[in-house]
Amino acid sequence: MATAADNRFREDEKRRDADHISFLKHRGFRWLWMALLLCAFSIIGYALIDQEPRPNGGSWYGYTLGTVGLLLIVWLSMLGIRKRRISEGAWSLKAWTSAHVYLGLALIVVGTLHTGFQIGWNVHTLAYVLMLIVIISGIYGVYAYAALPKELSANRGDKTGGDMLDTIADIDRKLESAAQPLGRAGSDLVIGVLEQDVFYAGAFSRLTGSYPGCATKRALAGIPATGSDAEIRVHELLTARAEQLAQIRRHLRIKAMLEIWLFIHIPATIALLAALLAHVISVFYYW
Amino acid sequence: MSDLFKVAIIGSGPAGMSAAGQAAKREMSHILLEKTDHLSDTIFKYQKGKHVMATPSDLALRAGGYEEGVHQGMEFEEGTRERILGIWNKHCRIEDERMPTYEGEVQDFDINTRLNAEVVSVEGEKGNFSIKLKDGDTIRAETIVLAIGTQGNPNLLRCPGADHPMITPQLDDPEDHIDKHVIVVGTGDAGIENALGLATDPALGNTVTVLNRGTDFAKAKIKNATDLTSADEEGFLNISYRTSPAEVRDGEMVVETETGQEIIPCDMIITRIGSQPPRKFIEAMGIEFTSEDRSAFPKLSPEFETTKAGVFVIGALAGYPLIKHCMNQGYDVIEFLATGEAVKPADEPLLEKVFENLPGGKSVDYWLELYRTNVDIFAGLSTLQMRELMLDSICTAFAPGEVIFRRDAPGSSLFAIAQGSVAVEVNPNDPSITVPIGQGSIFGEVGLVSGRRRGATIRAAEDTVVVELSRKAALKLIGSSPEADEAVKRISIERQILQLFGSGLTPEDIKPLTDSAVVEEISAGKVVIQEGADDKDLFIVRLGSMRVEKGEGERQTFLGLIPAGNFFGEMGIIDGLPRMSTVRAAVKSEVIRLPGEGFLDLLAQKPQLRERALQIMDDRRRSNEEIESRQDKDGGKVDNFSGLASFLFDEGMGEATDALLIDERLCIGCDNCEKACADSHDGLSRLDRETGKTFAYLHVPISCRHCEHPHCMTDCPPNAIQRGADGEVNINRETCIGCGNCKSNCPYGVINMEPVPPEKPSLLSWMMFGSGPGPGEAPYSWRKENSDPGVAKKAVKCDMCAGIEGGPSCVRACPTGAAIRVSPDKFLTFAKMTEDVEG
Ligand SMILES: Cc1cc2nc3c(=O)[nH]c(=O)nc-3n(C[C@H](O)[C@H](O)[C@H](O)COP(=O)(O)OP(=O)(O)OC[C@H]3O[C@@H](n4cnc5c(N)ncnc54)[C@H](O)[C@@H]3O)c2cc1C
Ligand code: HEM
């Protein structure tokens, strides 16, 4: 049928003309400028507006900053939902992330000015500290996002995580038959290798890349590279296995470092939201 | 000598089965001859449990209706392969332990079936044919219904022992084979997939050797070839290069290698060395085909009679690839033999639908005749061919001024004008400038040939009746009618030149050029223009695309991409200097070659055109010089650019229209693209981010590239793959029959066969209560546990998020900007590909 012009052609053509630009650079740093403007206005306001009796969250300017900060935090938290709710429409998660990062950083200024530099042991300061924790973890996140993908890519080449495990499975199959002629000690070492799960070690190993008790390493040390034919073959296979394990471990380490901070960022966000609720309620009921 | 049957039906596929059933019902003396030891070999070979579809759903099955639950003829309904063959076995009173017996009641036909009866030749005339079987028997019949499908016969090894029982031309289920020594002969996709299936699952414990006569795997998809070679490197299997079979003996194969003969022990030999289409066998009976083209079908009368009187052809061999069509034809042909009168074809209601939007309430026959007499390219067609053609087409009437299609709309269909005329808006800036196309002629041929978007808006100039032929129907027409082929070629060349060189020209001006134009097919990688040569022709890319390069080997610099619809070679003609760069086909392409002098003459006559050509030449030269000057300053960057371009071409960018590219300097591996994809499409991701090739930092994941001429479309029996309104190549889940042809035809491995997964609990209930598997594609185990096992597997692939506002969700859902979908002609530029992404 004749295709009417009511399609996405124009938008699609624009999209097809796209370029690889990181979220930090998104639209010529649009959100960086927005955030800087926000900071500048907040600081200028703080300096110029005469707050009675002293700058603090309770003055009208303090309320203004507090409201801006609260709205920002709530909006920043929504990223978690935006990321998972794939609704129709012209949104882009990259634009969201870009705005998230820069406006999130601006919170340091907005939030701090909101406190009027009054810090104490109370629920108000708790909220402030939680906010800083979220922000600091976020800063690490940005660093990780900027620095680690290259390493991840270089390490894996064309291989997927699944491919790497397949290689291990294949080496193991060969090890099993190659180890048949070995003596008792040698066989035990190889059995130890075969029985050890690739993921045997915990989160700490994953992050640091240090795997004490690695059976492959032990077996490599225990089976000579220059011995009987079988030993030579097993040693070769173990070397290949160690190399493959090293690649997997690098892969896991980089992926863990790309994610680990979210284990602080997200729970701290939830705690922050709770603390903020307490903060707001206490301000309105008991001041 | 045996009895003389009224009809011998050769082949027990759906077509032959239904013919035999109808003959039995009419008590016509008949025999059904089947080559294999079971009925319906094509269906028999479907995957176990394959859900067989009964499309088109609005086509009625002949021999009408159910009475007391029993169909009054050959039964066929959507269902599993086992159910259908079980019913047919019961119709024929055949017991086959490989097929579960059907428990329900079916009509008992007394079909005279003979299995293991391969027909090798047919002699004689109508009234008395002698049919020779492979086992030496002869069967005599007055008429023959040929329903042997299009499978043909698998090729045999050309060495002693080629009929050894260890040899099989196919592998049903790799998991049926354990601890075997297997030799695979044949390095096409089928052979490689079998070898990988048998070898890469260590649990099966098979030892697999693949014989390769040469050193490469040119016949296979790149992905299969690399999978195979890496399986070899990783020790899963063994590839023997420059090795060919010399003899097959019990338990071993003798092979010829570069260093002499060797012996490989084996228990099974899989030969995947292609098959002989049945054409020769059919021609030997004296049956003519519509053309030399490989895709041509036998010439048939409206009653399916071939040019050999008394021999009828039905089913897939007659060009109807769906089971329902086949079955109806079986019925029709027997009714014709019994009554001497043609049955009103079963497709009549469908055709009524095709014509229902045309004015005047005229009959199907009226319109068929009108189209045939008025449209030039339909001149040579028979009624049967007309019917078939129109079934796949859309007939529409337009009022004066109504738009038929718009500039830049996607579309690869061909239009023909049966009544009235149309006006082409040749100038995008001024719709009042138009060129007419009159009754009987065609338009839209550029889209048909190149797969590119429409070049101009076309409106009806008066009350107009047109027919829009789907690309598939148009290609079939061109393939079967040399006159139509000639006409389309000529018109498309003329229009392409006119469109390219501007609106001031008339067909008269370019007649000398058109007359001397030749269309040439260029295989991928073949050079059209060689740097330094001094030939003087001008070329227009008609289909595919060209890459422009300078220098040799290591020092080769990529300069640019020339997409279809553009010309090249003008520099040498205008300057008279040797060729400045090398131009070669990025993918399989077609060019129109025009003589340089003719072009110069035209330039001399038309100063405006001369101006334009000089302008284009200048732009190109400037862009080339820009890249070359960078070469001196920043050689690394330019080399990287050339390398990347080369890599992208290998990955299919030369034929892509919209491809997903991931910048690995930005990709954090969160797989949000995959999750978004799944959540936008019934819970199945059509994209595999991590798999796929990477060069430098650029990663091409497994995801549809929406090719200009999609490979997946080439062999889709229900024609379920179409290009949609946004230019996406889309598979219609409703009409897909799940045959998997598209999957095996796609060189990039982007199509999967999957059942629709069960619905997931909402995002909110997952976030609050942790119910369901969460965002993204649910794990296989969850899908399996929660779904109905009867759901049919169908083809799934990227549809570019067609109809979804905002566009592809993989791109929208990328948090860092790593994922973009681009068109190659825009992306393959120096600026884009050397962009510094970090902030
Ligand atoms: C994987 C797959 C899935 C499909 N799924 C569907 C689906 O879901 N729905 C649908 O409608 N269509 C489907 N199709 C298409 C459909 O199977 C075919 O179009 C149909 O089987 C063609 O029927 P036919 O009777 O013309 O030929 P065939 O079914 O090919 O039957 C030909 C028969 O002739 C026999 N024969 C060949 N040569 C000789 C000889 N010389 N002497 C004697 N006998 C001979 C063969 O052994 C065979 O049994 C599918 C196709 C494939 C490959
Ligand atoms: C109080 C302020 C902030 C709050 C409440 C907040 C909250 C969140 C939340 C809820 C997410 C979603 C995580 C997920 O579901 O995966 C998120 C993601 C993220 N945040 Fe923050 N954030 C804050 C400040 C910051 C700052 C200052 C930065 C950076 C400097 C930052 C960087 C990020 C990044 C990089 C992501 C990951 C985006 C993605 O991968 O999709 N955040 N944040």
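This is a predicted model: local features need pLDDT of at least 70, side-chain atom pairs count only at pLDDT 80 or more; totals for chains, interfaces and linings use all residues.
Colleague: Why is the site of the iron atom of ligand 2 called octahedral?

Modeller: The iron atom has 6 donor atoms, with angles of 84 to 179° among them. Six donors count as octahedral if opposite donors are over 155 degrees apart and all others lie between 65 and 115, so the site of this iron atom is octahedral. Ideal angles for six octahedral donors are 90 or 180 degrees.

Colleague: What makes A:His100 and A:His265 ligands of that iron atom?

Modeller: Donors are N, O and S atoms within 2.8 Å of the metal. The NE2 atoms of A:His100 and A:His265 coordinate the iron atom at 2.0 Å, so they count as donors. Both A:His100 and A:His265 are buried.

Colleague: Why does the pair tie together parts that are 165 residues apart in sequence?

Modeller: Because A:His100 lies in helix α5 (residues 93–115) of chain A, and A:His265 in helix α12 (residues 262–286) of chain A.

Colleague: Why is A:Ser42 called buried?

Modeller: Its relative accessible area is 4%, and buried means under 20%, so A:Ser42 is buried. A:Ser42 is found in helix α2 (residues 26–48) of chain A. Leaving aside neighbours within four places in sequence, its contacts include A:Tyr61, A:Leu65 and A:Val109.

Colleague: How do you know that A:Asp17 forms a salt bridge with B:Lys832?

Modeller: The closest N and O atoms of A:Asp17 and B:Lys832 are 2.6 Å apart. The rule asks for a side-chain nitrogen of Lys or Arg within 4 Å of a carboxyl oxygen of Asp or Glu, so the pair qualifies. The count between chain A and chain B is 6 salt bridges. On the side of chain A that touches chain B, α1 (9–16) and α6 (123–156) are among the helices that each supply at least two residues.

Colleague: What is the area buried between chain A and chain B?

Modeller: About 5400 Å², of which carbon and sulfur atoms give 52%. The contact takes 55 residues from chain A and 74 residues from chain B.

Colleague: Why is B:Arg249 called partly exposed?

Modeller: B:Arg249 is at 33% relative accessibility. Buried is under 20% and exposed over 50%, so B:Arg249 counts as partly exposed. B:Arg249 forms a salt bridge with B:Glu252, which is partly exposed at 22%.

Technical notes
Residues are numbered from 1 along each chain as its sequence is written. Chains are lettered from A and ligands numbered from 1 in the order in which they are written. Side-chain values use heavy atoms; hydrogens and water are left out. Donors are N, O and S atoms within 2.8 Å of the metal (3.2 Å for Na, K and Ca); water is not among the atoms, so sites may look incomplete. Four donors count as tetrahedral if all angles lie between 85 and 135 degrees; four count as square planar and six as octahedral if opposite donors are over 155 degrees apart and all others between 65 and 115; anything else is irregular. Helices (H or I, at least four residues) and strands (E, at least two) are DSSP runs, numbered from the N terminus. Buried means under 20% relative accessible area, exposed over 50%, partly exposed in between (1.4 Å probe, protein chains only). Contact means heavy atoms within 4.5 Å. Buried area is the accessible area (1.4 Å probe) that two parts lose on being put together, summed over both.
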